[in-house]
Amino acid sequence: MSGMIVNPKNYTGRELETIFFRPLLSGPSIESLGVRVLYNMPVPTVVQLWDRTGNVLQSFDKASKWSGGTKSTHYQKTIPLHRVKAENAFSASDYFSTIFELITNRSDVNMEDLSGTELEAAETELFRNAIADSIRMNLWLGDKGGTYNTGYTSFDGLLKIIEERIKDGSLHYCANNLSELMSSYSIKELFDLHIQNASPRLKALFNDGQAAFFISPQLYSLYEAYLDEVFGAAAYNDVQHGRGPLHYHGFPVMEINLEPAMGESSLSHDFCIFTDRRNLVMAVNTADTPGAEVRMWYNPDEMENRQRAVFAIGCEILDEDLLSAFMDVEI
C-alpha cells in the first residue's frame, strides 16, 4: 500500500478541470461561501451588467415604426485575476496515516483490496479540502499588499475591498463606527437600517431571493441571543435540536467565521454587510493560466509527500450601489 502512495500524479488540461477543480467549485462546498463563482471564464474575466431604464411597453396603435425608446445602459466590470500556487507537504508517516484514515472512513471500501484508484481519490480529496479552506479565507481576508497583516497575500479579499471603499465613500450606504452603533442599536435594528436604507436598485432585486446579510461571529451570536428571547414551541425546539440556517425577514443571515486568522488582522473584526449575493464575485481560472496544474509526488530526499496546485483567482464587488456595510474603519 505504501508503494502506491509515492506514485506521482499530475493533472493538467481537461483532467485538471473535471477531476480536481470542478468538484471543488460546485455543490455544497461552494454554496456555503454564499457568493457568485465564475469558473474558467475567458481571461480577462469581464462581467457584463445591464441596467434597463424607462418603460419598454409601447402602444401598438400609436406608431408603426420602431419606438423602443432609450437604449439599455451598459456597464462592465473586470475581475482582477492573480496567478497563485497552493503547496502542501507531509512527512511520509503522517501522510500515510492521514490517507489511510480517509479511506477507512468510507463505508464502501474493501480493506482487503485497496487499489491505486482509491488511494488517488483519497489523496486528491485531502488536497482539494485544503485548497477549499484557503480559498474561503483568502476570499474574505486577502490583502495582497500586506497592509492589514492578515497573512493571506495572494489577492485582495472582500473585507479589504469594502474597507477601502468605505474610506473613499463609494458605497451607497455605510458606517465606519460599528462598535458605537452596537452600543446604541440592537442586532435587529442594525438589520433594519440596512434594509430601510438599501438603494432602490437593491430593493428591486429583493424578490429574486438573493439578498443576504454577511456578518461576523459576534453579531451572529447577538442575533441568536435575540432569537432565544422569543418564547414558545419554536424556541423550545431550537434549544433541544439546534437551529438551521438563520434568516431575518426572509433574508439569509450568513456567519463568516474567519478565526483564528482574524485575531492577527487589523481589518475590522466585526462587520455587517448587506447585498445581493450575485454582487460578490469570485473568479477562478485553470484553462487560460500558464502552467496551471495539480501535481502530487513523493520527495525521497526529504521523505515528504508534496502537493502543488497552480491556477488564477480573484474577487470583486460588481456594483457598489447594491452593497451596504457597517464596519470599524479608521478614516
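Six strands come together in an open sheet, and if you walk across it the order is 6-14-10-7-9-8, with mixed pairing. Keep in mind that this is a predicted model. If pairing is new to you: strands of a sheet pair through backbone hydrogen bonds, either parallel or antiparallel.

Now, which strands stand at the edges? Those are strand 6, residues 173–175, and strand 8, residues 246–248. Each has a single partner strand, so one side of each is left without a neighbour in the sheet. And going from one strand to the next, the twist averages 20 degrees.

Let's stay at the strand 8 end for a moment. Strand 8 pairs with strand 9, residues 251–255, in the antiparallel sense, over 3 bridges. The loop between strand 8 and strand 9 holds His249. Its phi is near 50 degrees, which is a positive value in a residue other than glycine. Is His249 buried or exposed? Exposed: its relative accessible area is 60%, and the cut-off for that word is over 50%.

There's a second residue like that, Met303, in the loop between strand 12 and strand 13. Phi of Met303 is near 55 degrees, again positive and again not a glycine. Met303 is exposed too, with a relative accessible area of 53%.

Next, my pick for today: Asp270, in the loop between strand 9 and strand 10. This one is buried, yet it has no salt bridge. How far away is the nearest side chain of opposite charge? That's Arg136, and it is 14 Å away. What Asp270 does have is a polar contact of 2.8 Å, side chain to side chain, with Ser216. Leaving aside neighbours within four places in sequence, the residues in contact with Asp270 include Leu178, Gln218, Phe326 and Asp328.

That loop between strand 9 and strand 10 also holds Pro260. A cis peptide bond joins Glu259 to Pro260, with omega at about 5 degrees. You'll find another cis bond between Val43 and Pro44, where omega is about 0 degrees. Pro44 sits in the loop between strand 2 and strand 3.

One last stop, in helix 5: Ala130. Ala130 is partly exposed, at 29% relative accessible area. Ala130 and Ala86 are 44 residues apart in sequence, and their C-alpha atoms are 8.9 Å apart in space.

Notes:
Residues numbered from 1 in each chain as written. Predicted model: local features only at pLDDT ≥ 70, side-chain atom pairs only at ≥ 80, totals over all residues. Heavy atoms only, no water. Pairing = 2+ DSSP bridges. Helix = DSSP H or I, 4+ residues; strand = E, 2+ residues; numbered from the N terminus. Axes fitted to C-alpha atoms, helices over the stretch in contact; angles between N-to-C directions. Buried < 20%, exposed > 50% of the residue type's maximum accessible area, 1.4 Å probe, protein only. Lys, Arg positive; Asp, Glu negative; His and termini not counted. Salt bridge = Lys/Arg side-chain N within 4 Å of Asp/Glu carboxyl O. Polar contact = N/O pair within 3.5 Å; in protein donor to acceptor, adjacent residues only side chain to side chain. Contact = heavy atoms within 4.5 Å.
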